Amino acid sequence: MNMPLNTSANISDPVEQARYNMIEQQIRPWNVLDADVLELLAVVRREEFVPPACRSMAFMDIEIPLLGSDATEAVRLGHSMLQPRLEARMLQDLKILPTDRVLEIGAGSGYMAALLAQRAESVVSLEIVPALAEMAQDNLQRAGIANAHVRVSDGSRDAVPEGPFDVIVLSGSVASIPQNLLSMLREGGRLAAIVGQEPVMRFTLVRRTGDRFDTTQPWDTVAPRLVGFAQPSDFSF
């Protein structure tokens, strides 16, 4: 049984108290029990990856807007951070290894790239929105993370010369997983994405074995769409 990382009785810093509450009240109850993942969430300072105006929301169970003054519109456009519990459970299910080379689609603020970089050999993060790519790279540099790099690119279609990858993470939802991303997985590689339509989407984990792609969908959730990925047609007979 994994014990809590700390006890609220000996936390005097309100920021550390909020971080503790996020881990113990949001993330651990969502079946995130990997001690290494929980420790990582305690070490990587999430509040440093949100816009200054949103610092008070850094540890809340919400999608945090990253661009613009309209929070609802930012989430609709995918200009937002995922909820902490989603990022934590994705990280747990991927089982990142120190030798893994990782591709992330949708850098956002750089927080997920920071988490991945702490466990992997290297991370390439693609972001289609230039302002977000700049934000993410700046945040990673300020955090002293040298093995994660962000660039402006359309992850749904652009070539990625650093591939193939051991892990591909889509930090947002898609209607379906493009074949070109699966082709960038090396033998034994894993791809994680949130797939489907509202009101229910499924976390989808794909593992490559030779020419076979084995898929599991262990839990349901909902997440904002990634920009640039094909949407299903609304037309019906």
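Predicted model: local features only at pLDDT ≥ 70, side-chain atom pairs only at ≥ 80, totals over all residues.
Trainee: How many bridges join strand β8 to strand β9, and do the strands run parallel or antiparallel?

Mentor: As a general idea, the side chains of a regular strand alternate between the two faces of the sheet. In this structure, β8 (residues 200-209) and β9 (residues 212-221) run antiparallel and are joined by 8 bridges.

Trainee: Turning to the helices, at what angle do the axes of α1 and α4 cross?

Mentor: In general, two packed helices are described by the angle between their axes together with the distance between those axes. Here the axes of helix α1 (residues 14-27) and helix α4 (residues 84-94) come within 10 Å and cross at roughly 75°, which makes α1 roughly perpendicular to α4, because angles of 65 to 115 degrees count as such.

Trainee: Which residues of α1 and α4 make the contact?

Mentor: On the α1 side they are M22, Q26 and I27, and on the α4 side P84, R85 and A88. Divided by class, the residues of this contact are 4 nonpolar, 1 polar and 1 charged.

Trainee: How many cavities of 30 Å³ or more does a search of the whole structure find?

Mentor: The general idea is that rolling a probe the size of a water molecule over the atoms shows where empty space is left. For this structure the search finds 1 cavity of 30 Å³ or more, and the volume of the largest cavity is about 290 Å³. Its lining comprises 30 residues, with G106, A107, G108, S171 and L226 lying nearest the centre; by class, the lining has 14 nonpolar, 11 polar and 5 charged residues. Among the elements that each supply at least two lining residues are β3 (101-105), α5 (111-119) and β6 (165-174).

Trainee: And for the pockets, which helix gives the most to the lining of the largest pocket?

Mentor: That is helix α3 (residues 71-76), with 3 residues. The largest pocket holds about 190 Å³ of space, and its lining includes E63, T72, V75, R76 and R225; the classes there are 5 nonpolar, 2 polar and 4 charged. The second largest pocket has a volume of about 160 Å³, is lined by residues including F49, P51, R55, M135 and D138, and has 6 nonpolar, 1 polar and 4 charged residues in its lining.

Definitions and conventions:
Residues numbered from 1 in each chain as written. Heavy atoms only, no water. Axes fitted to C-alpha atoms, helices over the stretch in contact; angles between N-to-C directions. Helix = DSSP H or I, 4+ residues; strand = E, 2+ residues; numbered from the N terminus. Parallel < 35°, antiparallel > 145°, perpendicular 65-115°, else oblique. Contact = heavy atoms within 4.5 Å. Nonpolar A, V, L, I, M, F, W, Y, C, P; charged D, E, K, R; others polar. 1 Å grid on protein atoms, 1.4 Å probe; cavity = no way out; pocket = protein on both sides within 12 Å on 5 of 7 lines; lining within 4 Å. Points joined across faces, edges and corners; volume = space filled by probe spheres on them. Pairing = 2+ DSSP bridges.
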